[in-house]
Amino acid sequence: MRHAPHLVADVMSNPVVAVGPGAGFKEIVETLRQWKVSAVPVLEGDGRVTGVVSEGDLLEKEEFRDADPSRVEQMRRLDDLRKAGAVTAGELMSAPAVTVREDATLAQAARTMARGRLKRLPVVDGSGMLRGIVSRSDLLKVFLRSDADLAEEVRVEVVEHLFLVSRENVRVTVTDGVVNLSGRVRDTALVPVAARLVRAVEGVVDVECDLVGPRAASMSAFSSELRP
């Protein structure tokens, strides 16, 4: 049976602490301290995510406390200056919020984080309602799969499908998430394909491919075929 891809719903943290747009500066700071988090979603009255307030947003106030930025600097950092003078979550938050659906795959969530250089994402349902939060560390949980589990998936989903004729000659070993394929296969053109498919298996750290082609016929056998 194929190992179903992990979804964001499988690894997200829940319940999630959140604030309303009217939450004050000090209330937000206390919430972050109490719950030991570095950001909180900001919710509308019905529970929809409208933005996110992070420690970085709050620190703008401290950065500009004694600063006297030039007009050029002011123009360049209008949003930062706005946050420095903000006092509520609605004024401080980064909006619109970058979110991820609870039915998204971990790969999709990772790409969204990478594009936005984000450390966490609010998780929402199809209506935009908050369901949880997913962090970088949550996405790494897939690498906790056992070596035996990875080896079984590689054998069933890659080797047996790709090498129909020579699958019995292919050995699969996994050590600390690194998969090694060894043995002889009839079609060596499939070796790069196998490596790519194995690397796509969730939880695989790396792939070592020692697959070679079929053993060459011996010279004696070849010579006997040429005799009249």
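Helices (H or I, at least four residues) and strands (E, at least two) are DSSP runs, numbered from the N terminus. The structure shown is a predicted model, in which local features need pLDDT of at least 70 and side-chain atom pairs count only at pLDDT 80 or more, while totals for chains, interfaces and linings use all residues. Residues are numbered from 1 along each chain as its sequence is written, and side-chain values use heavy atoms, with hydrogens and water left out.

**View 1. The protein chain as a whole.** The secondary structure of the protein chain comes to 11 helices and eight strands.

View 2. At least two lining residues come from each of β2 (49-54), α3 (55-63) and β4.

**View 3. The largest nonpolar core.** This core (buried Ala, Val, Leu, Ile, Met, Phe, Trp, Tyr and Cys residues joined through side-chain atoms within 4.5 Å) has 21 residues, and those with the most contacts inside it are V154, F163, V172, V179, L181 and V198. Two or more residues are given to this core by each of α9 (147-162), β6 (170-175), β7 (178-184), α10 (191-199) and β8 (206-212), with α9 giving the most, six residues. Leaving aside neighbours within four places in sequence, V198 is in contact (heavy atoms within 4.5 Å) with V154, V158, V179, L181, V204 and V207. Another core, of 14 residues, lies apart from the largest one and has V40, V53, A89 and L92 among its members.

View 4. In α7 (residues 106-116), L106, A109, T112 and M113 are buried. These residues lie on the same side of α7 because they cover an arc of only 125° around the axis, as judged from the directions from the helix axis to the C-beta atoms. Their cover includes α1 (8-11), β3 (100-101), β4 (120-124), β5 (130-135) and α8 (136-139), whereas the face turned away from the buried side carries the exposed residues A114 and R115. After α7 comes R117, whose phi is positive, near 50°.

Methods:
Buried means under 20% relative accessible area, exposed over 50%, partly exposed in between (1.4 Å probe, protein chains only).
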